[in-house]
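Hi,

Here is the structure I said I would pass on.

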Amino acid sequence: MASLVLAGGLLLGGCASDATDAATTTAAAQQVSTSQTATTATSTDASTTAETISATTEAAEAFLATLSDEQREQVTYAFDDETKTTSWSNFPVTFVDRAGLNLADLTDEQKAAALNVLEALLSDEGYETVTGIMGGDEYLHENSSSTEESLGQYYIAFFGDPSDSSAWEVQFGGHHLGVNATLDGTEDSVTFAPTHLGIQPAVYTDADGNEVQPFDGIYTDAFAFYDSLTDEQKATLYQGTSVANMVCAPGSTCDYPTGTGISGADLTDDQKQLLLEVIANWAGLADEETTSDALTEIEATLDTTYVNWSGATTYDMSQGDGIYFQISGPDVYIEFAAQQGSAGADVSGVTTSGWGHVHTIYRDPTNDYAGSATQQAGSGPGSGAGAPGSGAGAPSGGMGAPGGGQPPAGEMGAPPAAG
């Protein structure tokens, strides 16, 4: 419940006119959250896919019950509406139109109910990661040189009617966050492909004085895999000291480059398990059964999945410009890319570029959106797939190039803002 209250405070405080307004709205969220403790406690205890689907459906229906008829029309789309493919991005909400309702436009009760949907859907660890990302966005809003007023704003949308007996999708996101979760009670499945998780800054101090590092688990798992390799394996994996650029932009099409780096067939069983633990940071955002099912499918084709890496080779944020890695195979595509620019998000003494500014993408080449829609080209500035033939994420097809999903001035372009 503490994490729910934190997220409520972040979202409510992001656009408050002053500290008093932020404190008032946060207190209101805490009051609503307390009254819903029983429902939330059930959702966070989910250990099976069926329990996750049921809890998320229940939370979604409770959220819908707080809305007006007009709001319900705004938040719900047809399951196969292709809007779902272009309404999520690494950009703030003023650069790419999001589907659904802006939480900043909701009452305290409605905001808390919307966040209950997210908490019902995600595991405790997944929820902590997502709210940590949101907290970083709010931190930039309060402390950086950014002029982007939409920082701290997030949208929620449903594609299809919430149900534990048919397919529907929860879409939640804003700046540096785009969660697309398809829940299907008929197949007892939940998939998070595609989803974008990003951070800026990587480490910050929250309102209670606690140090928050949302991607520490990802970094730890990634370097555990890297460090498990022999020198010969590293030579095959490693692409160079320069941090490569992202090939597949969030919310846009992708050619799924593969064949560069080391293949799963060249890994030991232990190394394969370490690689699966890295993948679980995206594929495993929900309960244990959903995670196990996703990893079992990916493991079946791991021998023909390739991994490449560039940039730093030790987990030390004081050295170098960060890292890039790509995992590309028949059933999984992941990119983790440090961004070499802060684009107006500078905070004194805080790293907001390289290690401190990361974009990631998780996709399933065979089953994005559970097959309900075909990914369309992104609608944001500089949107589109990476340059053809860009392979391992080389600079020629990266985020700073035309069509790479990022304007030349960093991530945001003009006006200066956090990217």
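To start with the helices: at roughly what angle do the axes of helix α4 and helix α6 cross? The axes of α4 (residues 49-65) and α6 (residues 108-121) cross at roughly 170° and come within 8 Å. That makes α4 roughly antiparallel to α6. For the conventions, axes are lines fitted to C-alpha atoms, for helices over the stretch in contact, with angles from 0 to 180 degrees between N-to-C directions. Angles under 35 degrees count as roughly parallel, over 145 as roughly antiparallel, 65 to 115 as roughly perpendicular, and the rest as oblique. Helices (H or I, at least four residues) and strands (E, at least two) are DSSP runs, numbered from the N terminus.

Before going on, some housekeeping. This is a predicted model, where local features need pLDDT of at least 70 and side-chain atom pairs count only at pLDDT 80 or more, while totals for chains, interfaces and linings use all residues. Residues are numbered from 1 along each chain as its sequence is written, and side-chain values use heavy atoms, with hydrogens and water left out.

Back to the helix pair. From α4, T52, A55, T56, A59, A60 and F63 meet Q110, A113, A114, N116, V117, A120 and L121 of α6 (contact means heavy atoms within 4.5 Å). By class, that contact of α4 with α6 has 9 nonpolar, 4 polar and no charged residues. Here Ala, Val, Leu, Ile, Met, Phe, Trp, Tyr, Cys and Pro count as nonpolar, Asp, Glu, Lys and Arg as charged, and the others, Gly among them, as polar.

Next, strand β5 (residues 177-184), where 8 of 8 residues are buried (under 20% relative accessible area; exposed is over 50% and partly exposed in between, with a 1.4 Å probe and protein chains only). L177, V179, A181 and L183 point one way from β5, and G178, N180, T182 and D184 point the other way. In a regular strand the side chains alternate between the two faces of the sheet.

β5 also has several partners (two strands pair if DSSP finds at least two bridges between them):

- Strand β4 (residues 167-174) runs antiparallel to β5, with 8 bridges joining them. W168 has L183 as its bridge partner in β5. The β4-β5 hairpin has 2 residues between the strands, and H176 takes a positive phi near 60° there.
- Strand β6 (residues 189-191) pairs with β5 over 3 bridges in the antiparallel sense, and D184 stands opposite S189. This hairpin has 4 residues between its strands, and D188 in the turn has a positive phi of about 50°.
- Strand β7 (residues 196-199) pairs with β5 over 2 bridges, also antiparallel, with L177 opposite L197.

Most residues other than glycine have a negative phi, and most peptide bonds are trans. The bond from A193 to P194 is cis, with omega near 0°, and P194 is in the loop between β6 and β7. The bond from Q200 to P201 is cis too, with omega near -5°. In the segment after β14 (354-363), Y369 has a positive phi near 55°. Y369 is buried, at 0% relative accessible area.

Last, the search of the whole structure finds 1 disulfide (a pair of cysteine sulfur atoms within 2.5 Å). The disulfide joins C248 to C254, S to S 1.9 Å, and is right-handed with 55° about the S-S bond. Both C248 and C254 are buried.

Cheers
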